[in-house]
Amino acid sequence: MRCWANLGALPAELRIDKVLVCGQAFRWVPLGANTWGGVLAQRLVALRQTDQDVLFRFAAADDFSEDDGRSLLWDYFQLDTSLASLYKIWSADANFASKVRLQGIDGLRVLRQDPLENVVSFICSSNNNISRISGMVNALCAEYGQQLDPSFLDDLDDLDVQTGGSPAGQETKRPAFYTFPDMDTLASDGVEERLRQLGFGYRAKYVAESAKFIQKQGGASWLLSLRQRSYEDAHKELLQLPGVGPKVADCICLMSLDKTGAIPVDTHVWQIAKRDYGFVGANRKSLTKSIYEEIGRSFRGVFGEHAGWAHTVLFCADLSKFQPAAAAAAAQSGQVLEPAWPATQPGETNAAVRGSARAKRAAASKRIK
């Protein structure tokens, strides 16, 4: 595939300059103004945001057509779901409507990722920031994946890889792209020790042990089977993985297992629930299990089946770097915005603290329960 193709996604449905930098996925590389490179289904792809559509380009292959690439991207971005229609429904909530209107946060949708990569990435997110998570995931891929030939990026117009370009007469440094390692590789002996050498710290044990656990359950097919299970069942199964707590399990449920109502809750989301939706719990010093679960039910009560998607928009809207001035400056410079999902980790306890509710703002027709 040697030229750009249209994905068929209006900006109201998809803005990759927002979706690819909000901390859902960690291996997308900015290649220049509104252009990104990444690996999907073990294939290298370039994406470009325009005023009317998203353009895409995969490395040429005899067994992979333009239609194949478009289908893969439609699945990854879940474009069969109308985001504009969801925004219209969610905008019955006055807080949501004002955030979107004032900050112009359109086209922000949830990805449908490979479950194994999603699991490993969010195990790495514990007490971490987006830059370090990206570094860890890329280091793991460089160590255990297969390097892909990036030469097709050479003839992209205005290629400008992160550094702002190269001085005249010097070659632009090309980023390296790797496939994500398979389950057998991650479950093999010596992985924990090597990941520790690569700077994973205590997360090395969680990655290695989780890979072995998944392999014993049936491997990648077991993870994929959780897409067919209920949210409650999938969440419970994921909690068996070493290093996976309620928030990470909810991230995986939302971003790779089709659980559109999953609500990852950290202290930042807790503050949104208290400040904007009247959730009673301001006097609590820690985000307990009961409060965590109550916040999830509350958001689902307000936003319905795709509450996890609405929660993603509200979360990003509340981050300073997603404010209009910061977003405009980042778009001009090609800067990656920090971070969304790997924000402050909740300090969970076993205490049972009952959450209650009060009426939310008068413009909304539903209540936080």
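## Terms and model

A residue is buried when its relative accessible area is under 20%, exposed when that area is over 50%, and partly exposed in between (1.4 Å probe, protein chains only). The model is predicted: local features need pLDDT of at least 70, side-chain atom pairs count only at pLDDT 80 or more, and totals for chains, interfaces and linings use all residues. Residues are numbered from 1 along each chain as its sequence is written, and side-chain values use heavy atoms, with hydrogens and water left out.

## Confidence

The mean pLDDT (the predictor's confidence in each residue, from 0 to 100) is 84 for the protein, and 81% of its residues reach 70 or more. Residues 160-170 have pLDDT below 50, and beyond near neighbours in sequence this stretch has 13 contacts (heavy atoms within 4.5 Å) in the model. Residues 333-369 are also below 50, with 107 contacts beyond near neighbours in sequence.

## Overall figures

The protein has 16 helices and seven strands; helices (H or I, at least four residues) and strands (E, at least two) are DSSP runs, numbered from the N terminus. Of its 369 residues, 53% count as buried. Among contacts with a separation of 6 or more, 73% are between residues 24 or more positions apart.

The accessible surface is about 16,100 Å², and carbon and sulfur atoms hold 48% of that area. Accessible areas come from the Shrake-Rupley method with a 1.4 Å probe; for residues, only the protein chains shown count as cover.

Five strands form an open sheet in the order β1-β5-β4-β3-β2, with antiparallel pairing; two strands pair if DSSP finds at least two bridges between them. The edges are β1 (5-6) and β2 (29-32), each with a single partner strand, so one side of each has no neighbour in the sheet. Strand β3 (residues 35-40) is joined to the antiparallel strand β4 (residues 43-49) by six bridges, and Gly 38 stands opposite Val 45 in β4.

Helix α2 (residues 66-77) packs on this sheet and touches β1, β3, β4 and β5 (54-58); its direction makes about 125° with that of β5. For such angles, axes are lines fitted to C-alpha atoms, for helices over the stretch in contact, and angles run from 0 to 180 degrees between N-to-C directions.

## Positive phi values

Most residues other than glycine have a negative phi. Ala 41, in the loop between β3 and β4, has a positive phi near 50° and is exposed at 55% relative accessibility. Asn 127, in the loop between α5 and α6 (130-144), has a positive phi of about 50° and is exposed, with a relative accessible area of 54%. Gly 104, which follows α4, has a positive phi near 60°. Buried residues of helix α4 (residues 94-103) include Phe 96 and Val 100.

## Asn 118 and Cys 251

Asn 118 lies in helix α5 (residues 115-123) and is buried, with a relative accessible area of 0%. Not counting residues up to four places away in sequence, Asn 118 touches Gln 24, Gln 113, Cys 251, Ile 252, Met 255 and Ser 256. Asn 118 and Leu 257 are 139 residues apart in sequence and 9.7 Å apart in space, C-alpha to C-alpha.

Cys 251 is also buried, with a relative accessible area of 0%. Its sulfur is 9.5 Å from the closest cysteine sulfur, in Cys 253, which is too far for a bond. A search of the whole structure finds zero disulfides, a disulfide being a pair of cysteine sulfur atoms within 2.5 Å.
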